[in-house]
Amino acid sequence: MSDQYLDAFVRESEEAITKLNNSLLDLESDPDDQAAMEQIFRTAHTLKGNFGAMGFDDAASLAHAIEDLLDEIREGEMAVTPEVMDLVFAGVDRIEAIVGEIEASGESSIDPAETVEELRAVLEEGTGVEPEQGGGSAAGGAETGAGPAPDAVVADLDIDPEGVEGKAVHARLSVGDSEMAGVDAMLALESVEEAFEIVATQPARAAIEDGEFEAHFDVVLDAADLGRVDAELDAVGKLADATVTDVTDAIGGGSATDADGGDGGEHAVDEIKSVRVDVDQLDVLHGLVEQLVTSRIKLRRSVDQGDVESAEDTLGELDKITASLQNTVMDMRLIPLKKVVGKFPRLVRDLARELDKDVDFEIEGEDIELDRTILTEISDPLMHILRNSVDHGIEPPDEREAAGKPPTGQVKLSATRERDHVNIEVSDDGGGLDVDRIRDQAVEQGVRAADELEAMDDSAIYDLVFHPGFSTAEEVTDTSGRGVGMDVVHDTVTQLDGSVSVESTPGEGTTVSLRLPVTMAIVKVLFVQVGDEEYGIPIKNVDEITRSDEVKQVNGQDVIKHNDEIYPIVDLAGTFDVPGEAATNGDGMLVRIRESERQVALRCDAVNAQEEVVVKPLEGILSGTPGLSGTAVLGDGNIVHILDVVTL
């Protein structure tokens with residue numbers, strides 16, 4: 001099997017599973033949500049079809065069993081209960097595990113037979129009435145017969161007679177009074193398609209499957225005779241009624257491509273979507289590559305001819321092209337947050353059920369985009385935070401009611417964009433953090449000395465939850481207290497050149513805030529000399545560069561004044577204990593940082609140059625070092641530390 005097709009199958013299945021989980025959650029919260037039910041059927045049907053097409057028959061059988069159970073719920077023969085939904089979710093989890101194995105090895109050894117048997121057992125025990133079969137009433141027949149004459153329908157469709165091998169048979173079909181007409185029509189068409197080639201439909205097939213028809217819809221089939229069409233349609237359970245007519249003589253001119261080309265267009269759109277890149281971006285990228293090739297040829301010609309002036313001009317062109325190329329590629333790496341958070345509603349639902357808590361989970365800003373690497377890295381930290389919010393934050397229903405709160409707790413994940421950063425907050429309306437308890441635990445676990453803790457404000461106390469191993473949980477469970485994994489959160493976010501903080505109000509709730517860069521890797525920095533060493537300051541943080549001749553002292557602290565504001569001076573040589581003599585530049589230079597980042601000025605010996613570099617986060621024992629965000633390797637092989645102006 002082609003790796004390309006297998007990868008596309010896995011990616012599509014993963015998205016379908018996430019979509020199915022969230023639609024099932026919507027149905028569980030509102031059993032009358034017809035939109036959710038319709039989406040569930042479409043997704044489950046897609047999964048079943050994809051598994052079957054790829055030869056994974058066991059998984060297809062499992063998806064089929066889930067689909068049948070949901071059909072009982074739709075028909076009103078089975079109630080939406082937590083127990084039934086647990087079984088359905090277990091089936092979806094089994095499917096997800098199968099997809100995981102397929103991605104890893106190209107096949108699956110998981111046998112879903114036991115899960116299928118459980119689903120079938122509940123299906124049979126819960127069935128009170130046999131579903132109605134096709135073969136509609138007189139009223140249904142009359143309703144189906146309404147509409148334009150078959151000949152007129154066929155004439156409008158403009159079918160090529162050479163594309164029909166047997167007879168052209170018009171069938172006017174009805175799914176009766178269905179609450180999910182689109183889904184039933186889709187299933188009916190697929191049943192019909194197993195016996196005959198569908199030459200054309202009216203309206204378009206996509207519209208039919210979206211339920212965009214009234215009493216009936218029309219199809220034209222390529223069949224040997226009317227009798228077989230009648231018999232096959234009568235066996236299609238989703239059809240309430242059908243009338244058939246031989247329209248071979250009524251077929252006019254046209255082209256076979258027009259008649260059945262609609263589906264193949266759909267396939268092209270699907271393939272473009274599977275690239276996950278906007279077509280306009282591909283066009284821009286293609287144009288930039290063309291320019292790059294042209295400039296490369298010009299540069300080689302200039303070098304061969306010894307034309308230095310022309311070579312310099314071409315290098316200028318290459319600078320602009322590579323800058324545009326860089327921006328385009330970085331944009332293509334941006335992925336919506338929903339790629340990660342789409343699985344969280346199911347996580348919260350299962351955890352709340354396990355803990356016997358009622359929790360409403362809300363997501364805002366899921367369309368905010370982040371670099372693929374960053375998005376991958378923050379998935380686990382966000383999961384840790386959510387688990388702790390539900391487990392340790394939200395109180396049990398009776399405890400909430402006793403405190404005058406609604407029995408159902410609220411957990412919210414929200415994301416907002418701020419220039420080149422994204423802020424993600426996970427908040428809950430639970431019991432909040434107990435400052436005194438954190439202080440006691442910190443002393444007991446040797447995290448801080450008692451006198452040091454007394455001098456710390458509440459915000460600093462809350463940040464102690466990020467200390468490795470720190471927890472206020474009274475007992476260890478699978479999810480434990482708000483300290484579990486929070487050190488992982490802090491380390492991961494810090495390595496990504498971000499920051500994390502906690503704010504809490506006892507009795508009202510807790511908010512964990514993450515501040516992350518939108519993208520990483522390439523950063524434009526200002527190189528400054530400090531003694532024998534060189535450091536890089538991100539240009540986005542720099543507001544102004546001045547000499548150090550206007551420095552004053554306030555309470556023993558060197559400061560400068562700008563727009564009536566006082567900016568304390570941080571001496572980089574002293575901060576990092578840099579060896580070597582100061583550069584010959586008088587009292588040195590000052591780099592004033594943007595007020596939005598931090599109201600401070602950095603003193604250095606000299607300002608060297610600006611350059612774009614690839615920044616690598618600090619790892620190991622250097623991870624989390626105050627004042628440093630990472631390192632960059634220069635063209636000459638030297639390594640330069642990149643400053644984090646916020647933590648200096």
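These legends go with several close-up views of a predicted model.

Residues are numbered from 1 along each chain as its sequence is written. Since the model is predicted, local features need pLDDT of at least 70 and side-chain atom pairs count only at pLDDT 80 or more, while totals for chains, interfaces and linings use all residues; side-chain values use heavy atoms, with hydrogens and water left out.

View 1. The strands line up in the order β2-β3-β1-β4, with antiparallel pairing. At the edges sit β2 (197-202) and β4 (241-246), each pairing on one side only. From one strand to the next, the twist averages 25°. Strands here are DSSP runs of E, at least two residues long, and helices are runs of H or I with at least four, numbered from the N terminus; two strands pair if DSSP finds at least two bridges between them. Between β2 and β3 (residues 217-223) there are five bridges, and Ala-200 has Val-220 of β3 as its bridge partner. Helix α8 (residues 181-193) packs on the sheet and touches β2 and β3, its direction making about 10° with that of β3. Contact means heavy atoms within 4.5 Å.

**View 2. Helices α2 and α3, side by side.** Helix α2 (residues 34-53) packs against helix α3 (residues 57-74) at an angle of about 160°, with the axes 8 Å apart. Axes are lines fitted to C-alpha atoms, for helices over the stretch in contact, and angles run from 0 to 180 degrees between N-to-C directions. That angle is why α2 and α3 are roughly antiparallel to each other (angles over 145 degrees count as roughly antiparallel, under 35 as roughly parallel, 65 to 115 as roughly perpendicular and the rest as oblique). Residues making the contact include Ile-40, Phe-41 and Ala-44 of α2, and Ala-63, His-64 and Leu-70 of α3. By class, the contact has 10 nonpolar, three polar and five charged residues. Here Ala, Val, Leu, Ile, Met, Phe, Trp, Tyr, Cys and Pro count as nonpolar, Asp, Glu, Lys and Arg as charged, and the others, Gly among them, as polar.

**View 3. Helices α15 and α16 crossing.** The axes of α15 (residues 344-354) and α16 (residues 372-393) come within 10 Å and cross at roughly 30°. On the α15 side, the contact is made by Phe-344, Leu-347, Val-348, Leu-351 and Ala-352; among the α16 residues are Leu-382, Met-383 and Leu-386. The residues of this contact divide into nine nonpolar, one polar and one charged.

**View 4. The hairpin of β10 and β11.** Seven bridges pair β10 with β11 (residues 509-517) in the antiparallel sense, and one of them links Ser-504 to Thr-510. Three residues lie between the strands, and Gly-507 in this hairpin takes a positive phi near 85°. Buried means under 20% relative accessible area, exposed over 50%, and partly exposed in between (1.4 Å probe, protein chains only).

**View 5. Gln-610 and its partners.** Gln-610 belongs to strand β20 (residues 606-617). Leaving aside neighbours within four places in sequence, Gln-610 contacts Lys-524, Val-525, Leu-526 and Ile-539.

**View 6. Ser-295 in helix α12.** Look for Ser-295 in α12 (residues 279-305). Ser-295 has 3% relative accessibility, so it counts as buried. Not counting residues up to four places away in sequence, Ser-295 touches Thr-314, Glu-317, Leu-318 and Ile-321.
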